[in-house]
Amino acid sequence: MKAIIFAAGKGTRLKPFTDSHPKALAPVCGKPILGRIIEKLITAGVDGIVINVHHFASQIIAYLESQAFPVRIEISDERNMLLETGGALAKIARESRLLENIDKNESIIVHNSDILTDFSINDICNAACEVEGVLLTDSKRQTSRKFLFNSNGYLQGWTNENNGAVRPIGLNPDIFRHEAFGGVHCIHRRTLDSINLYCGTELHSFSVVDFYIDVCADGKTIKSFTPTEPFGWIDIGTVEHLTQVQNLKL
């Protein structure tokens, strides 16, 4: 099992910390959140990790070099162009030496660098065996942007509940389950290749959500995953949230 951590973002909601640091190095109980995510992934059995970098990239690289993580860690350098999540995955599909020879069905955990959780990574991988991708979701979390799933848990579209926007256009959001995305996905090497093809010849910036929405038309491609047991989930992407987690047991 491999993993990709998105650590390139500018973290504008976390200013003033991100005026001089990358969001991925925000401290949680004395340890950078990036280190906590890496440790969780290693504990779950991940044996190789790709981390994309852009904002204060040299600080992330220096941090990783200062640690002794017992797995191979590879940098996907976006200092010349920030590619968002979809473009980042396409670049990794094209350039990663760590992932180039893995089996097309091997699981790849994709994890945002501002999310802390305590659910089982292995459970989401098991749920992804028969589909192209699985998204950690929660119907109870309050956010205006929601994925739409049918009664069998397959992705049908996306909506913004504040302004009524819907994708694909014309979809009726009222007949589907509304689920908040939790910033953790499980895909496969074959899915990574599909994202690369979706990107086209030239690398460019786009959201992986665009890919998910456009490929869900067959109804059985992308699925939701919600742990059966209660689980902790925190987004440290704002100053308020980062302050709240400093005594966290997660």
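The largest pocket of this predicted model holds about 1200 Å³ of space. Here a pocket is an open set of points on a 1 Å grid over the protein atoms alone, with protein on both sides within 12 Å along at least five of seven lines, and its volume is the space filled by probe spheres set on the points. Lining residues, which have an atom within 4 Å of a point, number 37, and Arg13, Thr85, Asn112, Asp114 and Arg145 lie nearest the centre of the pocket. By class, 12 are nonpolar, 14 polar and 11 charged, with Asp, Glu, Lys and Arg counted as charged, Ala, Val, Leu, Ile, Met, Phe, Trp, Tyr, Cys and Pro as nonpolar, and the others as polar. Strand β12 gives the largest share of this lining, 4 residues.

Local features need pLDDT of at least 70, and side-chain atom pairs 80 or more, whereas totals for chains, interfaces and linings use all residues. Residues are numbered from 1 along each chain, and side-chain values use heavy atoms, without hydrogens and water.

Helices are DSSP runs of H or I with at least four residues, and strands are runs of E with at least two, numbered from the N terminus. Gly200, which follows α5, has a positive phi, near 95°.

Ile73 sits in strand β5 (residues 72-77). Beyond its neighbours within four places in sequence, Ile73 is in contact (heavy atoms within 4.5 Å) with Ile38, Ile49, Ile51 and Leu64.

Definitions and conventions: 1 Å grid on protein atoms, 1.4 Å probe; cavity = no way out; pocket = protein on both sides within 12 Å on 5 of 7 lines; lining within 4 Å.
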